[in-house]
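Dear colleague,

Please find below the structure that I am handing over to you. My findings follow directly after it.

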Amino acid sequence: MRRETLPPLREDYFELDRHYHYVDLTDSAVRRVVVELLEAHGYRPYRYSSREVILGTYLPLTVDTEKRGYCHAGNVTCAAMAASHRVVLDLDEFLIIFDRDIKEQK
């Protein structure tokens, strides 16, 4: 469910050929489940970060379906820029990407 402080997703998001996604996951338990789901499909944290740091932050999770990696937004400014461009997904919207792009890669 989209937080009311998060702007609505741009209407053409799912038609764009994007491979890099920002995912708003504020609940740490949900964040852990999503990371485990990604890892079960061969995704790994980017080498410059660790799984523990990614799980411990409040910044949006970033998922690259082309490089099969995940991390978090670099800082608050990066997260704010993604939000202002209306490209931050909530969990339900990310699950559409997961079903469409990630499940099929395995």
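In this predicted model, arginine 18 has a relative accessible area of 24% and is therefore partly exposed, as that class lies between under 20% for buried and over 50% for exposed. The residue is found in the segment before β1 (20-23). Leaving aside residues up to four places away in sequence, arginine 18 touches Tyr13, Thr65 and Val87. A polar atom of its side chain also lies 3.2 Å from the backbone oxygen of tyrosine 20. Threonine 77 is 59 residues from arginine 18 along the chain, and the C-alpha atoms of the two are separated by 21 Å.

Two further arginines deserve a note on backbone geometry. Most residues other than glycine have a negative phi. Arginine 68, in the loop between β3 (61-64) and β4 (69-72), has a positive phi of about 55 degrees. Arginine 86 also has a positive phi, near 60 degrees, and lies in the loop between α3 and β5 (88-89). Both count as partly exposed, with relative accessibilities of 26% for arginine 68 and 33% for arginine 86.

With kind regards

Note on methods
Residues are numbered from 1 along each chain as its sequence is written. This is a predicted model: local features need pLDDT of at least 70, side-chain atom pairs count only at pLDDT 80 or more; totals for chains, interfaces and linings use all residues. Side-chain values use heavy atoms; hydrogens and water are left out. Helices (H or I, at least four residues) and strands (E, at least two) are DSSP runs, numbered from the N terminus. Buried means under 20% relative accessible area, exposed over 50%, partly exposed in between (1.4 Å probe, protein chains only). Contact means heavy atoms within 4.5 Å. A polar contact is a pair of N or O atoms within 3.5 Å; within protein, one must be able to donate a hydrogen and the other to accept it, and residues adjacent in sequence count only if both atoms are side-chain atoms.
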